[in-house]
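Subject: Structure handover

Hi,

Here is the model for your files. My notes on cores and salt bridges follow below it.

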Amino acid sequence: EEVDGKGITTLRLTLPKAEKEFDTLTFAKVGDVGIVGLPRKAVEESIAALKDGLKGDKITGGAFGTYQKRYPENDVHMHVNIVPWVQKGMGIAKQVGVDQMMGAQAAGMGVSVKSIHDALGLGDLLSMDWGVEFDGASTVVDGGIQFTKRSGLMNVLAYTNGPLPKSDFFPRDVPSASVSLFSLENMWKGVMEILETAAPGMAPMVKQQLGMVEGQLGVSIEKDLLGNLKPEILAIQSSILADGEAPSDDMLFMFGLKNEQGFEVAFGKVIAFASGMTGMAFEPSEFLGQKMQTLETPAGPGGNPVKISYLFANGYMMISVGKGEALRKVLSNMERPGKSLWDEDRVKGALAQFDEGYSEISYVDLASMLSGLGETLAGVIPDGEVPVDWDHFPTKAEWESLIGFVVSASYIEKNGFFAKAILLPDAK
């Protein structure tokens, strides 16, 4: 059919059981640009915008334009306008009577569709965006959530921006690592704010129950535990290869401490309380000159028990899950500093492509992970059960030449949360 009398052809496909506004999927072609979408009005607006030479506020302004200006080199940009979806969801909830469905008890607690909407900050969300840039050997992937102000769920994503804590003790041979400025204290406050807004009648009862638990513990969760944590979380994964065994992951999590002694005392009270409730206790030991507490859980579905250890050293609480290889490497590097993961030329070169002020950086050795995954699957899936020739599954060297590793960074700003990742072949 004709649109604007310009000879634009559209193909209309009626979708059954859809609302009138969304019952037609419309296709159009304007020059070298193809358009597909619904409702029809949106496609017609896109046609008009293209004919005007991509001018006007709907193209260059608003959340779409903000993201486009942030990543102008993207070859692909997908933009989802959250505002109409939230409005539509609220309309449907009202139409079908969700408040009435939740019943009198929920109403007595102050819970309603509006209270949940306000608590989650859905009215402040603007858009979600994704982009891809193909740049020679590398591939850049980015994404973001934009909002008018930080509220609700965005407060639970309790990131702050740099500078990041020093982490020159990170081992060079780990398959994945991350450093983030994330506040567990602010996340807790964000969760409590959501509860108070979503269920104002329930919040006092929850606080009363928490107060009773804190009385039994002799610890204030917010003051003695979360209040003694810095907004610093470091994580490392180390793969262990033992003869005759499948590769096993060894994890280390590190939490920066404002008051190491105060936190250790409070955390010890929590562990003692939990041990009395469960009958499982941490056993003291010494590890590279540090006092360590270790718990070995019963064997899981795989038949192997899980070893969990924690210790306090150099201003951090360190929690090790596994055999302790990552913990050993970190403690050794703290005693004898040397070249870390972040000093590797390939990693340093990738990080140089990011703007500073990030709230998190991470590294993943994709080649090692994918080759290890292939080896593991080949050992547990017999030939012929899946259409994969394990003998010709890419080797680690082949994976390195394809995608190698990825370095990513994220940023929290006044009106958005953004992330960017660079995938590069590995040229060790």
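First, a definition: buried means under 20% relative accessible area, exposed means over 50%, and partly exposed is in between (1.4 Å probe, protein chains only). The model is predicted, so local features need pLDDT of at least 70 and side-chain atom pairs count only at pLDDT 80 or more, while totals for chains, interfaces and linings use all residues. Residues are numbered from 1 along each chain as its sequence is written, and side-chain values use heavy atoms, with hydrogens and water left out.

Salt bridges

A salt bridge here is a side-chain nitrogen of Lys or Arg within 4 Å of a carboxyl oxygen of Asp or Glu. The whole structure has 10 of them.

Start with R346. At 14% relative accessibility, R346 is buried. Its partner is E344, with N to O at 3.7 Å. E344 is buried too, at 14%. R172 joins E344 and R346 in a network of salt bridges.

Next, K258 and E185. Their closest N and O atoms are 3.7 Å apart. Helices (H or I, at least four residues) and strands (E, at least two) are DSSP runs, numbered from the N terminus.

Then D168 and K166. Their side chains meet in a salt bridge at 3.5 Å, N to O. D168 is partly exposed, with a relative accessible area of 28%. K166 is exposed, at 63%.

Nonpolar cores

A nonpolar core is a set of buried Ala, Val, Leu, Ile, Met, Phe, Trp, Tyr and Cys residues joined through side-chain atoms within 4.5 Å. The largest one has 36 residues. F170, M254, M318 and W342 have the most contacts inside it. Helix α12 (residues 325-335) supplies the largest share of this core, 5 residues.

A second, separate core has 28 residues. F147, M154, V219 and L226 are among them.

What does M318 touch, leaving out residues up to four places away in sequence? Contact means heavy atoms within 4.5 Å. On that basis, M318 touches L252, F253, M254, S309, Y310, L311, A313, L327, L331 and M334.

Best wishes
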